[in-house]
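Subject: Structure handover

Hello,

Please find the structure below. My notes on what was found follow it.

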Amino acid sequence: MNKPKMTTEKGNSRVVMLLGQLERMNGEAVPGDAEMARHVTGKILHLIQTQEKTKKEMTAKGSSGMEVILAALEVNLTTGRLAFCFPRYCLAGGGNRVGVLVSKGGTAILLQLLLSASKDVPPSEELMLQLHSILAKVGPKDKKFGVKARVNGALNITVNLLKQNLQNQKLLLPCLQVLRVYSSNTVNAVSLGKNGVVELLFKIIGVCVSNSRRAVDRTYVPALLTIYQDWHRNDTRHRHAHIRKGILGCIRNVTNIKLGRKAFLDADGMRILYSTSTECLPVRTLDPLVNTSSLIMRKCFPKNRLPVPTIKSVFQYRLPHVPAEGPVAQLYRQPPEVDDVVDESDDNDDADTENDTENEEDDRDCCLQNDDIETDLNKLRPGEQASRTMEELRMYERFFSELSEDFQVQDLEGWDPSLSRIVVPTAPDMTPSDSNLVQLECADRALDQRPGEGLEQALVRELGRVALDGGAAPNGQRPAAESEVEREDDCSSHSSGDQAVLEVPDTAALLPLHDPELYVEMVKDTRSVPQYSEVAYPDYFGHIAPTYREHIVERLYGVQRSKIFQDIERMIHPNDILDKVVYDLDLQSCPVVDDGECLKFNSLFESGNLRKAVQVRKFEYDLILNSDINSNHYHQWFYFEVSSMRAGTPYRFNIINCEKSNSQFNYGMQVLMYSVREAINGRPCWVRTGTDICYYKNHFSRSSIAAGGQKGKSYYTMTFTVTFQHKDDVCYFAYHYPYTYSTLKMHLQKLEALRTPQIYLRQDVLCETLGGNSCPLLTITAMPQSTSNDQICQFRNRPYVFLTARVHPGETNASWVMKGTLEFLMGTGPVAQSLREAYIFKIVPMLNPDGVVNGNHRCSLSGEDLNRQWQRPNPDLHPTIFHAKGLLQYLSALQRVPLVYCDYHGHSRKKNVFMYGCSIKETVWQTDVNATSSDLHEDLGYRTLPKILSQIAPAFSMASCSFVVEKSKESTARVVVWREIGVQKSYTMESTLCGCDQGKYKGLQIGTRELEEMGAQFCVALLRLKRLSSPLEVRHASHFLEAEGDLIETSCRNTSSTTYVLKEDEPSFMEEVDYSAESDEETDPQENPGDEEHLSDSEAVQQHPFT
Ligand SMILES: [Zn+2]
């Protein structure tokens, strides 16, 4: 370095004098002067420190004071300990002083100081701290800083310093800042990366988190945020996204603990990450930053309380008796004052069970699924359990008159279904009395228009019209306010104004099983807990499958992220949020102001489910679903009406209290919408609709009461956006194609009309439900060809096929499949006739009418999943199961065990249609108990029916089938009918709610046409099954089964227990569909082994998979 010349044109101030002296000594560079130089420098520093005037003088433009000092420092590198603080004082004032220092060659000197200081053992902490603090400021101003630092070996000094001082908070920050500056040079960044700096950053945080929660408080999180912001501003060319990601990773780790989240919020972290992320959004390569930011923000988003007074169902139904234990008992024992919406204890809970990786949850699911495999061979071997005695079972004789009828005298055509109506002693007699005769009001098929009223208004006004007079309801606990109002002007309106008639669609030709008038008749006998007085238009008009294809929607990139950002904005800009309650079943008396600025909602009709609607922004609504009755959760099914909409404006709807950790809404499934205007225009269709659909964990906390005792859990949001086509339309939204109990009754009546002399059809009432609805039982077979002994004998000896459906109310697809089966069985074609001649069908098409009527998703009125009651059904609480099982037990007692049993279900998480069956061998193989499995002999016949289905039914996928028996399923229909009744071909048939990813319908969402087709194909498959077992084809059949057997052997043996995944269909596609915002794609699961902070809030315990 050239020795600078001191200019003294500004007079003789003391500092100038001292500088002159120092300059001279620099020039002479006599070793002995070192002490002197230090002395002089010390004096100068003192002056700078104490006199503002001196400081200004030293750093003034044109002053060479700094150069002199620097020169002095350079000369006295080894001894100039005191001098290091000089530049710091110079920099203290900010401004361009850093620039001056750099331009005078200060960087090199500082780096040399660093080098020399690092040689001390141990290095002076104070000195290192100071030097790094200065370098952090100097570095960004010096374009060559990176190179200089590398040449000087400063990189390693800093890195080593960091490594040795992981817990030294004071030192960490400046070192990290310097590190950032180093790595603005690409070569440095690479070299630092190789030296494990990124890992080091994580380690720093790791150490802090596990050793010292104090580390988090006050300074640490703000510092990290500052560094992140700093990087964000300076790394304009995005060369160091990985380092920025590393810093975010630190923040993410720190915010795993409650203290960290608080510090993050206190440091305005939400706003910082929100604004940086927003700026990163346009650059696709920065997505990992945005995703991690979003993850942190979501984690730190203060948990909100779900805006409901209780999470228990809004509808009350008092059970005749409460089970001694279990969730229902708990619910009844809970004192009324308990706040079940949130846990008080959550706030104090510092256990931090929070976990942000959805994938981990899924991993845990897999493990649990493996644990769930039944290993007790005794439970796998079909065996009769303690059954009811023949005496007890004799009550079912009446349902099997086909076994005794001789067809000699009875007039078969004149059979009256009402005569067979029985009242099972265990169920209350709910025969309608005169006092509660429901009366249909004005359900005429026309709309009248009032003067000055547009068609739209007329439509809307009239659309409350398909209403039943519910005022006379026997228990009268909830006279629907709406219908009261409507009743006043209802009939009078007929005489007023011009008549502009809108025709109800004439669907008779297209919908042979539908009849609006008949539907309303059926509704009158349907008992609902809320005493519904209205009929939803889609159920009244009927539904025709649209003619066009409905593709599984391709998810647009970044949708979930942008939705989440909109949610975060609620916190950033709270003033933009309306928070206006526009629909609330908990507060029906509270009149909702209709200011024309919001949508109107309604769900008070059969199968309806919507508890509350809150207008969040002008065109955005939060929706809350109602729990199943006598339960405080199980909500997924929704069905509600929306009106007062604008056309052409996108409305965003968020169902904010979803419970499952993942949903097919993330994989291309859309919601269903029915437009009344479209229906009137001749298109009465439920259509798949909605854009920007996604499903993600939200910031509404879920109380442990509803989460199986797990704390700190959140709900999930299912969001979709709809742009209405018509102004002032009335539209309905549903989770899946609605199929009400009244619809079933209507269909059954219409089926009756399809009967020909060849068809033996009998409809009985199996029993009454808790809610007073009757549970229909159908017997279908062919009439005997003659009354000869042989023919009657053939008739009676036909094997039974026993079918049930809709035990889970939310699985409406099961009803559509059942409709397909029933229609096929009543068909006139030769296949249908052969099928009827081959079997006697016993069918319970709706095992859970009460659940269906009351808009439940999973349970019956008893608040229990009826498909977990088959082992010990209670005649009072689970009458339909008790008696359906009774029928099977009766058959078993007669040695007439059905050939096939199948229970129709819907599956919310998988695509295609598939079956679950029961096989000892395949179960044992999954558990790796090799020794015993070879001894087992099992007929492979259980695979035949699904195999046939996979060949003839386009939606059916053999690959999705499973024949493993799980412990958690031991009380399901499938397993109990297999084990206790001894039906080898006992199945659950699961139909997707979403669509298919194989076969003819690959890429399409499933519709009612495909579901009905599936039901018909099931029948065809049964006929083929029959033929395969007939003597003529036995050779072919055995061949068929052998080949199949080989296939099973290989596929099963190759399947290790760890690959056994039943419930989850999609986890491997998570990233592809941008589910990654839920997880950190770069996180190594090994990173925090055994870390207590990383307790997972696994979903597994709380899952309610469909089966
Ligand atoms: Zn189910």
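**What was found**

The chain's secondary structure comes to 41 helices and 20 strands. Helices (H or I, at least four residues) and strands (E, at least two) are DSSP runs, numbered from the N terminus.

This is a predicted model: local features need pLDDT of at least 70, side-chain atom pairs count only at pLDDT 80 or more, and totals for chains, interfaces and linings use all residues. Residues are numbered from 1 along each chain as its sequence is written, and side-chain values use heavy atoms, with hydrogens and water left out.

**The chain overall**

Of the 1107 residues in the chain, 60% are buried (under 20% relative accessible area, with exposed over 50% and partly exposed in between; 1.4 Å probe, protein chains only). The chain exposes about 43800 Å², and carbon and sulfur atoms supply 52% of that area. Accessible areas come from the Shrake-Rupley method with a 1.4 Å probe; for residues, only the protein chains shown count as cover. Take the contacts between residues at least 6 apart in sequence: 81% join residues at least 24 apart. Contact means heavy atoms within 4.5 Å.

**The six-strand sheet**

Six strands form an open sheet, in the order β3-β5-β6-β8-β12-β11, with mixed pairing. Two strands pair if DSSP finds at least two bridges between them. The edges are β3 (580–584) and β11 (691–702); each has a single partner strand, so one side of each lacks a neighbour in the sheet. On average, neighbouring strands here are turned by 25° against each other, direction ignored. Axes are lines fitted to C-alpha atoms, for helices over the stretch in contact, and angles run from 0 to 180 degrees between N-to-C directions.

β11 pairs with β12 (residues 713–723) in the antiparallel sense, over seven bridges. There, C694 stands opposite T719 in β12. Helix α28 (residues 559–572) packs on this sheet. Its direction makes about 45° with that of β11.

**The seven-strand sheet**

Another open sheet has seven strands, ordered β14-β15-β17-β16-β18-β20-β19, and its pairing is mixed. β14 (759–768) and β19 (913–916) stand at the edges; each has a single partner strand, so one side of each is left without a neighbour in the sheet. Neighbouring strands are turned by 20° on average, direction ignored.

β15 (residues 774–782) and β17 (residues 840–844) pair in the antiparallel sense over three bridges. L778 stands opposite I843 in β17. Helix α33 (residues 830–838) packs on the sheet, touching β14, β15 and β17. Helix α32 (residues 812–825) runs at about 140° to β18.

Best wishes
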